[in-house]
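Here's a friendly walk through one protein model. Have a look at the sequence and the 3D view first, then read on.

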Amino acid sequence: IMLANLGSLYHEQGRPDEARARYDAAQGIARDLGERRLQGHLCVNLGLLSLQQGQATEARAALRDGERLLRGIDDTYELTKLLCAVARLEVWSGDGDAARAALAEAQAIATALQAGPESELGKALAEAGVEVEGLIG
C-alpha cells in the first residue's frame, strides 16, 4: 500500500516515471498476495497515468485488466472510479457513445451506492461528466 501511495504522490506531482515505477512495484506485490481489490485500484491509476501521457493503448489495457478484476470481486466502488477513467479514455479516443455509456454506468452504480455529490465518487463523476460533455457535447 505504501508503494501505491507513493505512486499517487508522484503522479500528483507530475512525476510520471516515478509514479509508474511505484505503481508497477505495488501491482507485483498485490498480485503475489492475491489482493485483487488493490490490483484493480492500481489498474485505474496506471490507466489514468497512461492516458495523461497520451498512451491510449496502455491506458485501455490497464483499464480492461482493472475492470475484469473489479467485476470479478464485485467491487462497485472502485469500478465506478474505473468507469469514469474509461469515459475519459473514450473521449480522448473520440468515441462519444462509449464515453457516455461508461459515464452512465458509473452514475447508476454511484446512485445505488448513495454516493452524494460531495463524496469521492460524486466528485469523480462530476469531473468525468464535464470532460465528456465538454469535449463531445
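## Before you start

This is a predicted model, where local features need pLDDT of at least 70 and side-chain atom pairs count only at pLDDT 80 or more, while totals for chains, interfaces and linings use all residues. Residues are numbered from 1 along each chain as its sequence is written, and side-chain values use heavy atoms, with hydrogens and water left out.

## The overall picture

What is the protein built from: how many helices and how many strands? It has seven helices and zero strands, so helices and strands here are DSSP runs numbered from the N terminus (helices are H or I, at least four residues; strands are E, at least two). Read from the N terminus, the order is α-α-α-α-α-α-α.

Along the principal axes, the C-alpha atoms fill a box of roughly 40 × 30 × 25 Å. A compact globule of 137 residues would have a radius of gyration near 14 Å, and the protein agrees with its 14 Å; that radius is taken over C-alpha atoms, and the globule rule is 2.2 Å times the number of residues to the power 0.38. Buried residues make up 42% of the 137, where buried means under 20% relative accessible area, exposed over 50% and partly exposed in between (1.4 Å probe, protein chains only). Contact means heavy atoms within 4.5 Å. Among contacts between residues at least 6 apart in sequence, 55% join residues at least 24 apart.

## Helix H5

Helix H5 covers residues 76-93, and its 18 residues should span 26 Å at 1.5 Å a residue; the end C-alpha atoms sit 25 Å apart, which agrees. The expected span is 1.5 Å times one less than the number of residues. Because 14 of those 18 residues are buried, H5 is largely enclosed by the rest of the structure.

At the start of H5, a side-chain oxygen of Asp75 comes to within 3.3 Å of the backbone nitrogen of Tyr77. Just after the helix, Gly94 takes a positive phi of about 85°.

## The nonpolar cores

A nonpolar core is a set of buried Ala, Val, Leu, Ile, Met, Phe, Trp, Tyr and Cys residues joined through side-chain atoms within 4.5 Å. The largest one has 25 residues, and those touching the most other members include Leu63, Leu79, Leu82 and Leu89. Two or more residues each come from helices H3 (36-52), H4 (56-72), H5, H6 (96-112) and H7 (120-136). H5 gives the largest share, nine residues.

Leaving aside neighbours within four places in sequence, Leu79 is in contact with Glu67, Leu70, Arg71 and Ile109. A second, separate core of 11 residues includes Ala4, Leu42, Leu46 and Ala62.

The side chains of Glu78 and Lys81 make a polar contact of 3.1 Å. Another polar contact, 3.1 Å, joins the side chains of Glu78 and His41. A polar contact is a pair of N or O atoms within 3.5 Å; within protein, one must be able to donate a hydrogen and the other to accept it, and residues adjacent in sequence count only if both atoms are side-chain atoms. Not counting residues up to four places away in sequence, Lys81 touches His41, Val44, Glu120 and Leu121, while Glu78 is in contact with His41, Val44 and Leu70.
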